[in-house]
Amino acid sequence: MNIKNIKHYILGLGFSCGMATVVTGCSDFLDVLPLNDVVLENYWTKKSDVTSVLMGCYESLQSEDCITRMGLWGEVRSDNMKMGVSSSQDLEQLVKENILPSNVFCNWAAFYQTINRCNIMIYYAPQVQEKDPNYALSEMKANIAEATFIRSLCYFYLIRTFRDVPFTREPSIDDTKEYRIPADEFNVVLDNIIADMEAVKDDAQLYFRKPDPDKAKESAEIDNTARVTRPAMYALLADLYLWKGDWQKCVECCDYVIKFKQNEYDKLLKRRLQNEIMLFNDIPLLVEKVETTSGHAFTEIFGKGNSFESLFEITYDEQLNNNNRNNYIGNYYFNGGSNQSNGRLAAIEEFYEGLPINSTELFNNKDCRVYGSIYQAGTTQFYIAKYAANEVVLDNTKSNWTPSYRWRSTNYAHWIVYRLTDVMLMKAEALVQQGDQHFEEAFSLINAVSRRAVNSFVPGTGEILVFDDYKESKESMEQLVMDERHRELMFEGKRWFDLLREARRTGNTRDLAKTVTKKQLTNISGIQIRLADPNALYLPYYRNEVKVNPYLHQNPAYNTGEDADLEKN
């Protein structure tokens with residue numbers, strides 16, 4: 001793993017000083033004190049020391065290396081994306097499924113750096129709580145819950161991408177400890193992070209700031225989605241249980257989140273501030289309001305960010321005007337005046353071609369989500385609009401219409417990790433796996449998401465999904481869930497992982513291989529043969545990691561040539 005000791009610890013403090021306003025005199029501290037145990041003894045003495053390093057954990061998660069891999073690992077190998085223009089060689093090879101251990105996007109260092117910062121904070125927080133009378137036990141537990149979420153999320157990305165990965169809760173603090181350890185199996189890591197999350201899930205704060213009773217939206221919503229709250233903890237746990245195949249636990253965690261949002265809606269209703277939100281099959285969701293020529297839900301969720309539906313998103317502050325931006329979004333369509341770029345990654349034309357006059361195989365032409373996801377330029381170019389646009393103007397009540405867009409000029413788009421409709425569809429998937437007695441409830445959740453997308457405000461009016469079309473078989477319901485997740489979460493770093501989860505559950509890689517090779521122009525049969533090997537569904541370990549960690553054995557699907565020689569040595 002090669003996570004380096006005291007230097008990374010100090011780096012963590014440096015990041016913290018840039019983010020946490022509670023720390024003062026931080027640069028003097030780093031400049032004057034020697035890099036030895038005196039630093040540790042003098043630093044971990046008060047509450048602000050813990051919170052500043054915790055903010056460093058968040059900022060590490062915001063880093064370009066982390067956010068880029070969150071997006072690429074979950075999307076680029078799927079059927080959603082193809083090459084755009086001026087792409088790097090390594091990115092192009094990912095898209096073409098010509099992946100080597102030397103590919104820079106196989107480098108996991110940024111995630112382990114984030115994990116180590118979390119481990120350090122979790123290790124020292126109890127010691128500080130004993131020293132500082134102003135650091136309440138409940139505050140310490142809440143801080144540890146946040147760090148546990150971030151650490152668990154990082155491990156979750158790692159196992160879904162590489163399968164077996166080194167797992168440790170021990171901090172690397174000084175030069176006496178080496179972190180060259182073997183990889184643990186996927187299920188071992190999954191069980192460990194579930195146990196970690198279960199132990200602290202109810203220690204997280206429900207709110208960081210309660211909403212102002214006189215305001216429909218203000219800074220409280222940003223505070224409660226840019227940091228980890230209890231609903232975010234339950235959303236991650238639901239996802240973990242979905243991958244474990246513990247359907248009932250997944251449903252229970254989803255129910256907690258859905259009930260929380262229903263309660264929040266009830267509060268808005270009492271304050272008469274619910275104009276932007278409606279109930280779709282008893283679940284509150286932002287409306288699109290097509291008839292007022294505005295894709296309202298898109299604007300709130302992806303344009304402004306930190307919306308009512310958000311549970312946790314990695315937030316970038318444009319007001320700070322610093323270099324901490326979501327540069328991954330620069331791979332999507334970008335129209336920043338003289339900096340216009342057509343995107344290094346592009347959308348697949350079959351999802352959009354023929355719209356808005358005709359429907360496609362995936363999208364109904366009244367489905368607002370397709371216009372918020374994909375932008376058609378000319379007749380043959382299809383770019384990624386989600387996150388790249390601040391606003392999408394829609395009026396699909398008319399014939400011969402086209403959507404229009406207001407584009408971001410800078411890359412400060414937040415990155416949504418979990419939002420309400422994602423959780424609704426997790427629950428639907430778990431319910432389908434529990435048997436046909438749960439199909440109707442699962443369909444209600446799926447249909448709620450669909451109804452919002454097509455502006456079906458009255459049940460039974462304007463809906464495009466009919467339960468009778470799917471209820472007769474588990475396979476039909478499974479495909480319905482997958483299709484709805486595809487439509488709802490396109491380009492949000494979810495699609496490849498959804499396909500992989502299905503392949504793991506069924507033990508069948510053929511459907512995944514057939515799906516993701518639709519976008520390929522050459523070597524289609526060769527790629528399908530390669531993806532028939534379950535090992536090839538995961539990325540190889542980065543070659544440099546194998547070189548420095550003798551306990552790390554390369555994924556067999558990539559263990560050829562120079563990498564085979566490394567194994568022998």
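This is a predicted model: local features need pLDDT of at least 70, side-chain atom pairs count only at pLDDT 80 or more; totals for chains, interfaces and linings use all residues.
Local features need pLDDT of at least 70 and side-chain atom pairs count only at pLDDT 80 or more, while totals for chains, interfaces and linings use all residues. Residues are numbered from 1 along each chain as its sequence is written, and side-chain values use heavy atoms, without hydrogens and water.

**View A. A salt bridge between Arg 495 and Asp 79.** The N to O distance is 2.9 Å. A salt bridge here is a side-chain nitrogen of Lys or Arg within 4 Å of a carboxyl oxygen of Asp or Glu. Arg 495 lies in helix H18 and Asp 79 in the loop between helix H5 (64–75) and strand S1 (81–83), so the pair ties together parts 416 residues apart in sequence. Helices (H or I, at least four residues) and strands (E, at least two) are DSSP runs, numbered from the N terminus. Arg 495 is buried at 8% relative accessibility. Asp 79 is buried too, at 8%. Buried means under 20% relative accessible area, exposed over 50%, partly exposed in between (1.4 Å probe, protein chains only).

**View B. Arg 419 paired with Glu 492.** Their closest N and O atoms are 2.7 Å apart. Arg 419 is buried at 2%, and Glu 492 at 3%.

**View C. Arg 485 paired with Asp 422.** The closest N and O atoms of this salt bridge are 2.9 Å apart. Arg 485 is in helix H17 and Asp 422 in helix H15 (residues 420–433), 63 residues apart. Both residues are buried.
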